[in-house]
Amino acid sequence: MENKKALVWLRDDFRISRNNALIYASENHDQVSAIYIFNPEEYENKREAQRWWIYHSLINFKQELSKFNISLELLVGDEVKVLNKIKNSEEVSLYWNKIPEPREESKEKKIIKILDEKNINYKFFKGNILSEYQEVTKDDGTPFKVFTPFWRVAEEVYLKKVPSRDAKLKKKNKKIFIFKQSSDLSKVLPNKNWFKKFEKYWVPSEINSDKVLKNLINKKINNYHKTRDYPSVEGTSKISPYLKHGQIHVETIWKSCNEIENKNTGYRKFINEIGWREFSHSLINYFPKMLKGNLRKEFDNFPWVENKKYLEAWKKGTTGYSIVDAGMRELYETGWIHNRVRMIVGSFLVKHLRIHWKEGEKYFRNTLLDFNVANNVASWQWVAGCGADAAPYFRIFNPILQGEKFDKDGSYVKRWVPELKNVPAKFIHRTWEMDEDTQKSINFKIGKDYPLPIVDHAKAREAALKAFDKITK
Ligand SMILES: Cc1cc2nc3c(=O)[nH]c(=O)nc-3n(C[C@H](O)[C@H](O)[C@H](O)COP(=O)(O)OP(=O)(O)OC[C@H]3O[C@@H](n4cnc5c(N)ncnc54)[C@H](O)[C@@H]3O)c2cc1C
């Protein structure tokens, strides 16, 4: 017999639709309350950008839940300690959706132990993923390390299950508060206010994530395969921060894509990217050592370089390579960065500057609104060549040619590096080659108005290859 009261532990699930834990609680209990636990340890100087997103998500979701007579309380502290305060005498059942990450899973295990000891009723549900990682393996039960065979099996496994139940949240008669000590929501906001600018670009809410999805289905997906690599075109969905914080469930994205009648190459390519997200999650769960270091052990001997000056130039977008600088400035200004440019700036850091990928991973974690540990770690290791199914280290992105190919007229660069706005397209990705007359004609001086390249491409490439040779011998 279940209790009258239910408590839903909200994490990355700021949505009504396909929120299995919340819906189950509303279907099986007279009264439902939700709790969000903000653990400063996980965020301070680590995930500052996401604090802004969470703050707005809390404000918005509190209002949405209120329409169903469900309260939302914010508690600040360690999740295990906070949930340990629930007493058996309160006669409350606890529900949550899982997060498919090793660290979160170990928290869940601790909580389950406490709940079992106290004889408190609980139930948990699949997280924001198509399939649990244990469901997708090779025939012999071992995990995949290569994307294509992984995704062939993962799609099949998922297709056998769909469509999953999409029940509605039930309105309750009366609001209840379990903890009765909700903190002020502003406790979640970061201390510095550089994030203020994010307001120009994002509205963190479930309604808005639905708009983003509709925009993808109605306008973008048909040409996704053609436009997704061009950062000046809004060719990708930009759904990642919503997906990270659970304003949308990946099954909802999948379902909308599958309802498209003419499934062309754009559709296929997009679904593959969803596949990469599943793959990253599978990797970090099967190979949790990846979260701490290289998946490919030979990289443990790679002669990384420590250079604070270069690292700062990379972070600030003052390397003198305009596509790299544009990307890093887009990131700081908007909390998001285009995938093609993530690869370019990533490659520049680990190959041209030979700075450890972990430095890049750390900076992205702090500044990305869509940071998720699986995609971030797996992608950084993919870029560095030390991950699963990774780009080989010796394939070094040339930032000049990448710029000329994917931002031919320089409009992306000019948007984010305004000091280059008058530079002719011919020089936009090789500003140092601009002759004196051209510089004068646009009232611009290289080295003064915009930095000279901090490293020479050809020399940096050679040095990277030499360093790589050391670990392959
Ligand atoms: C160095 C580096 C770091 C990255 N860090 C993150 C991160 O912290 N969080 C994150 O969500 N993505 C990360 N990515 C992957 C990718 O760049 C983003 O998912 C994508 O740019 C998000 O924009 P979008 O929603 O418009 O993508 P779309 O192109 O519209 O793709 C739709 C969704 O598919 C998934 N996806 C797309 N590309 C990838 C990919 N290469 N790997 C895994 N999943 C993918 C994302 O969930 C994305 O939202 C990283 C990539 C690189 C190269």
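Predicted model: local features only at pLDDT ≥ 70, side-chain atom pairs only at ≥ 80, totals over all residues.
**Figure 1**
Strand 1, spanning residues 5-10, pairs with strand 4 in the parallel sense, and five bridges join the two. Strand 4 also pairs in the parallel sense with strand 5 (residues 122-125), here over four bridges. In that pairing, W96 is set opposite F124 of strand 5. Strand 4 covers residues 92-97 and is largely enclosed by the rest of the structure, because six of its six residues are buried. V92, L94 and W96 point one way from the strand, whereas S93, Y95 and N97 point the other way, and all are buried. In a regular strand the side chains alternate between the two faces of the sheet.

**Figure 1. Strand 2 alongside strand 1.**
Strand 2 runs over residues 31-38 and is mostly covered, with seven of its eight residues buried. Its pairing with strand 1 is in the parallel sense and comprises six bridges. Within this pairing, L7 has S33 of strand 2 as its bridge partner.

**Figure 2. Helix 16 and the elements that cover it.**
Helix 16 consists of 12 residues, 373-384, and reaches 16 Å from its first C-alpha to its last, close to the 16 Å expected at 1.5 Å a residue. The helix is mostly covered, and 12 of its 12 residues are buried. After helix 16 comes G385, whose phi is positive, near 90°.

**Figure 3. Domain 2 against domain 3.**
The chain is divided into domain 1 (5-127), domain 2 (128-164 + 206-286) and domain 3 (297-472). The centres of domain 2 and domain 3, taken over C-alpha atoms, are separated by 27 Å. To their contact, domain 2 brings 17 residues and domain 3 brings 20 residues. On the side of domain 2 that touches domain 3, helix 9 (240-244) and helix 11 each supply at least two residues. Helix 11 gives the most to this side, with five residues. The residues on this side of domain 2 divide into seven nonpolar, five polar and five charged.

**Figure 4. The shell around the ligand.**
Which residues come nearest to the ligand? Of the 27 residues around the ligand, the nearest are T236, S237, S240, N376 and S379. Helix 9, helix 11, helix 14 and helix 16 each supply at least two residues of the shell. By domain, the shell draws at least three residues from each of domain 2 and domain 3. Its composition is 10 nonpolar, 10 polar and seven charged residues.

E333 is located in helix 13, which covers residues 322-334. The C-alpha atoms of E333 and F198 are separated by 7.0 Å, although the two residues are 135 residues apart along the chain. Is E333 buried, partly exposed or exposed? E333 is partly exposed, because 17 other C-beta atoms lie within 10 Å.

N69 has a positive phi of about 60° although it is not a glycine. N69 belongs to the loop between helix 3 (48-66) and strand 3 (71-76). Because N69 has 17 C-beta neighbours inside 10 Å, it counts as partly exposed. K180, also a residue other than glycine, has a positive phi near 55°. The loop that holds K180 lies between helix 6 (147-161) and helix 7 (206-220). K180 is exposed, because 9 other C-beta atoms lie within 10 Å.

Definitions and conventions. Residues numbered from 1 in each chain as written. Expected span 1.5 Å × (residues − 1). Buried ≥ 20, exposed ≤ 12 C-beta atoms within 10 Å, placed from the backbone. Domains from an automatic or database assignment. Contact = placed C-beta atoms within 7 Å. Nonpolar A, V, L, I, M, F, W, Y, C, P; charged D, E, K, R; others polar. Near = placed C-beta within 6 Å. Pairing = 2+ DSSP bridges.
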